[in-house]
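Please find below my notes on this entry, written for a colleague who is opening it for the first time. They are set out as numbered points, so that each can be checked in turn.

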Amino acid sequence: MKSLFVLFFLFSWLVTGIGCRQDTGGDRPEQRRGVTGGDGGKDDPGGYWQVRVDSLTALVRALTPGLGEFMVQLKYHHDRLAEAVSAKDFERSAYEIDELKETAEKIQLLRITNEKLQEPFPVFYQKYLQAPLESLAASAQQKDLRALKTNLEALTSNCNSCHHENNVAFMHISNTSP
Ligand code: HEC
């Protein structure tokens, strides 16, 4: 009696499970075809997982910011850093330097690219951003205002060098905050 109940439970779970699969199979006709059409190979008989993976991949792509959006973030933190340096605010400077690093790391982690970039972003990160960001962090920690100013100038100038090298020379970053 007990095992019959378990069997019944399993059966109804399977049936509702299959029902759910079809419900979440996607709205577009080609996705629906994947669910019922059997083009997913022998490990994925209904093509169900392939359809899910494809639609999740498309979703991740749609949600991933473009290079320009990350650049706007870099610009924001660059300008806040310039303000903090001229206000001799070392704590705020250290914070903004960290945000600049995190933003650049995200571009690398997500492998952001676009048609203007001549090489992958990490190549330019090493060439233009890594050294000035490290020196900036050290200067903020040592509360060395003169070094902070010099390294900020180096950073700004490197932003512009990279813009020159990647077809956006017109995107001129100025050293003072707006
Ligand atoms: C890889 C080299 C590179 C480096 C380093 C770089 N940029 Fe950029 N930047 C680009 C490219 C390429 C674009 C054009 C993006 C696009 O096509 O949307 C851009 C665009 C921009 C834009 C315009 C964004 C928009 O959509 O309005 C700003 C602002 C900007 N960068 C700021 C900075 C700042 C500030 C730094 C330095 C902290 C910096 N960039 C460092 C390559 C770089």
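**Notes on the helices, the core and the ligand shell**

1. The face of H5 turned away from its buried side carries the exposed residues Glu 91, Glu 102, Glu 105 and Leu 109. Here a residue counts as buried if 20 or more other C-beta atoms lie within 10 Å of its own, as exposed if 12 or fewer do, and as partly exposed in between, with C-beta atoms placed from the backbone. Helices (H or I, at least four residues) and strands (E, at least two) are DSSP runs, numbered from the N terminus.

2. The model is a predicted one, in which local features need pLDDT of at least 70 and side-chain atom pairs count only at pLDDT 80 or more, while totals for chains, interfaces and linings use all residues. Residues are numbered from 1 along each chain as its sequence is written.

3. As to the overall make-up, the protein has seven helices and zero strands, and buried residues make up 18% of its 178 residues. Of the contacts between residues at least 6 apart in sequence, 46% join residues at least 24 apart, a contact being a pair of residues whose C-beta atoms, placed from the backbone, lie within 7 Å.

4. Returning to H5, the buried residues of this helix are Ser 93, Glu 96, Ile 97, Leu 100, Ala 104 and Ile 107. Seen down the helix axis, they fall within an arc of 105°, so they line one face of H5; the arc is that of the directions from the helix axis to the C-beta atoms. An α-helix has 3.6 residues a turn, so residues three or four places apart point the same way. The cover over the buried residues of H5 includes H4, H6 and H7.

5. The length of H5 (residues 90-109) also agrees with expectation, because its 20 residues at 1.5 Å a residue should span 28 Å and its end C-alpha atoms are 28 Å apart; the expected span is 1.5 Å times one less than the number of residues.

6. The largest nonpolar core has 19 residues, and those with the most contacts inside it are Leu 81, Val 85, Ile 97, Leu 136 and Leu 152. Such a core is a set of buried Ala, Val, Leu, Ile, Met, Phe, Trp, Tyr and Cys residues joined through C-beta atoms within 7 Å. H4, H5, H6 and H7 each give two or more residues to this core, and its largest share, seven residues, comes from H6. Leaving aside neighbours within four places in sequence, Val 85 is in contact with Ser 93, Leu 148, Lys 149 and Leu 152.

7. Around the ligand there are 23 residues, of which Gly 68, Met 71, Phe 124, Cys 159 and Cys 162 come nearest; a residue is near a molecule if its C-beta atom, placed from the backbone, lies within 6 Å of it. Helices H4 (67-86), H6 (121-141) and H7 (145-165) give two or more residues to this shell, and H4 gives the most, with seven residues.

8. Some backbone angles deserve a look. Lys 88, in the loop between H4 and H5, has a positive phi of about 55° although it is not a glycine, and Lys 88 counts as exposed, with 11 C-beta neighbours inside 10 Å. Just after H5, Arg 111 takes a positive phi of about 50°. Asn 167, in the segment after H7, has a positive phi near 70° and is exposed, with 12 other C-beta atoms within 10 Å.

Conventions. Contact = placed C-beta atoms within 7 Å.
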